[in-house]
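Please have a look at the sequence and the fold, and then read on.

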Amino acid sequence: MRVSRLMLVTLRDDPAEAEIPSHKLLLRAGYIRRVGSGIYAYLPLLWRVLRKVSAIVREELNATGALETLLPQLQPAELWQRSGRWAGYTAGEGIMFHLEDRQGRELGLGPTHEEVITALAADLLRSYRQLPVNLYQIQTKFRDEIRPRFGLMRGREFIMKDAYSFHADEACLRQTYAAMDGAYRRIFSRCGLRAVAVEADSGAIGGSASQEFMVTAEAGEDLILASGDGRYAANQERAVSLPAEGLPLPGGIRAGGSGEELSTPGQRSIEELCAAHGFDASQLVKVLLLLARFEDGLRQPLLVSLRGDQELNEVKLANAVSARLSAAHGALLGIDPLTAELLRSEGLSLDLTSISTGSV
RNA sequence: CGGGAUGUAGCGCAGCUUGGUAGCGCACUUCGUUCGGGACGAAGGGGCCGCAGGUUCGAAUCCUGUCAUCCCGACCA
């Protein structure tokens, strides 16, 4: 077809709304147009590209024996209430668009499809002889991101390939997992992308393993950490590391930890304490007060102690808290610093006059 | 939600300080010339100056409110 018939509208200048190269180029070359915040029209040229990418994904997944399907975007709340994720995804994360139909039934636009696929599996799978089954779809997903940005990088409506497999035993699961791993590597390679598989957090809902295939880029949205020999890579939420050796305390009364009262007026951070008393950050313990909110209304204060030179990984904390309390109290909706204002608004009381409300 | 910035033609921007008939480049239309890697000339069209109030004889410009967008942060199964 002639280019003149492609409805190809290009721009000579970078649109002011675009910041990163991919966003600027997609706009300027006439591939996408923004329709709303985090919502884009895929113009004819981009749709051709997307179909070619989809074709690669289909070929590689079909080759592993996976079956393509297409699941509904609109999903009844009941499915999500049964899995215990409705409250967490609507009230907590708020990532799920939800609405009521004219009969007053609650529905959500699918940010993911585990609920639908497991309901179908329960309905259709009657015998272990039917296993394993691996179903996938290439489907529009909706996630009400708190801050859509960077064009297609973090949109609220986007196309995703998702696959779900069912197995009779763990050996079979591992086999499929390995097949998926190989398929993903081939997909990225055929698309001309160099991807790194990293260990990732599998979320509060659980799961024993999670890998993410990352393509490194300046404009990336995550930080991955890798060991020098390349044998370990994980994203920031998941990565484990050995803490740097702490500095031993100097001799004298502080050495035995036997107690020496320090006067710390106005010193509200580890940095200020170190500056005032000649400590190294690793010689102090920082104490954080937080308040966890649960689905059933429970407000659970948390006290977290960390070595002074370390920082709290909120994802790891959320996972730990969730593992301990979610069974009894439902989804963890959020964890906030326990400030004086929060105490007031929650109607709790605690003497916080001497506790720092600054960041740590 | 907190912090910062910006809304003027399809895109990029000037004009606002100091109120007085809305401009530039690109794009678009017509005619002519040109013609193997983003052509040239001439003539044109296009604006609720984000929106709503207010001040004023008069508001793109000053004041108040509001909406939207972008950036940083929180968040990201």
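A word on conventions comes before the tour. This is a predicted model, in which local features need pLDDT of at least 70 and side-chain atom pairs count only at pLDDT 80 or more, while totals for chains, interfaces and linings use all residues. Residues are numbered from 1 along each chain as its sequence is written, chains are lettered from A and ligands numbered from 1 in the order in which they are written, and side-chain values use heavy atoms, with hydrogens and water left out.

Let us begin with the whole chain. Chain A holds nine helices and 15 strands; these are DSSP runs numbered from the N terminus, with at least four residues (H or I) for a helix and at least two (E) for a strand. Of its 360 residues, 30% count as buried, where buried means under 20% relative accessible area, exposed means over 50%, and partly exposed lies in between (1.4 Å probe, protein chains only). Among contacts (heavy atoms within 4.5 Å) between residues at least 6 apart in sequence, 54% join residues at least 24 apart.

Three strands form an open sheet in the order 3-7-8, with mixed pairing; two strands pair if DSSP finds at least two bridges between them. Strand 3 (67–68) and strand 8 (157–166) are the edge strands, each pairing on one side only. You can find L135 opposite Y164 of strand 8.

Helices lie across this sheet. Helix 5 (residues 114–124) lies across strand 7 and strand 8, at about 35° to strand 8.

In soluble globular proteins, nonpolar side chains tend to be buried together. A nonpolar core here is a set of buried Ala, Val, Leu, Ile, Met, Phe, Trp, Tyr and Cys residues joined through side-chain atoms within 4.5 Å. The largest one has 13 residues, and W80, W86, Y89, M96, I117 and F166 have the most contacts inside it. Helix 3 (77–83), helix 4 (86–92), helix 5 and strand 8 each give two or more residues to this core. A second, separate core has 12 residues, including L290, L306, L332 and I335.

Another open sheet has three strands in the order 14-13-15, with antiparallel pairing. Strand 14 (299–307) and strand 15 (332–337) each have a single partner strand, so one side of each is left without a neighbour in the sheet. On average, neighbouring strands of this sheet are turned by 30° against each other, direction ignored. Strand 13 (residues 285–294) and strand 14 are joined by nine bridges, and one bridge pairs L288 with V304 of strand 14. Helix 8 (residues 314–329) packs on the sheet, touching strand 13, strand 14 and strand 15.

Let us end with a single residue.

Terms used: Axes fitted to C-alpha atoms, helices over the stretch in contact; angles between N-to-C directions.
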